[in-house]
Amino acid sequence: ANKLDISGNYLSQIINEIEGVNFYTYVNNLRIQSFLIKMKLPENKKYTLMSVAHDCGFRNKSTFNRHFKRINGQTPSEYFNTNQEIVERQALSQND
C-alpha cells in the first residue's frame, strides 16, 4: 500500500473486489504458490516441508497446513507422497 501511495484499507478493498478473497487469504495463496515452486527445485529437496514453508512466509505449521489443504485438497505430506508416487511411476514407464 505504501509503494502504491494508497491506504491499506483501500488496497484490501481492491483485492476483495478483483480476487474475491480477503487480503490474508490472497497473501497465503501467493505463499502456497511460492512454496510449490520452491519444492520443485532440486536444491530444496534436502529441506523439510516446514522449512520451505517458513521461507515462504508461514510462521506456524497449522496455518500452513490449513491453507495448503484448502487450496490442494490434501495435506502437504499427502500431496507430496501422492505426487512422488506419480513421478516414480512415470520414470519407471519411461525406462521400459
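Helices here are DSSP runs of type H or I with at least four residues, numbered from the N terminus. With that in hand, let's walk through this predicted model.

Start by selecting helix H1, residues 8-19. Now step just past H1 to Gly-20, where phi is positive, at about 75 degrees.

Next, go back to the segment before H1 and pick Asp-5. Its phi is also positive, near 60 degrees, although Asp-5 is not a glycine. Most residues other than glycine have a negative phi. Asp-5 is exposed, with a relative accessible area of 69%.

Now center on Ala-53 and show its contacts: leaving out residues up to four places away in sequence, Ala-53 touches Phe-35, Phe-58 and Phe-64.

Last stop: which residue forms a salt bridge with Asp-55? Select Lys-38, and you will find the closest N and O atoms 2.6 Å apart. Asp-55 sits in H3 and Lys-38 in H2, so the pair ties together parts 17 residues apart in sequence. Color by accessibility here: Asp-55 is exposed at 52%, while Lys-38 is partly exposed at 24%. The structure holds 1 salt bridge.

Notes
Residues numbered from 1 in each chain as written. Predicted model: local features only at pLDDT ≥ 70, side-chain atom pairs only at ≥ 80, totals over all residues. Heavy atoms only, no water. Contact = heavy atoms within 4.5 Å. Helix = DSSP H or I, 4+ residues; strand = E, 2+ residues; numbered from the N terminus. Expected span 1.5 Å × (residues − 1). Buried < 20%, exposed > 50% of the residue type's maximum accessible area, 1.4 Å probe, protein only. Salt bridge = Lys/Arg side-chain N within 4 Å of Asp/Glu carboxyl O.
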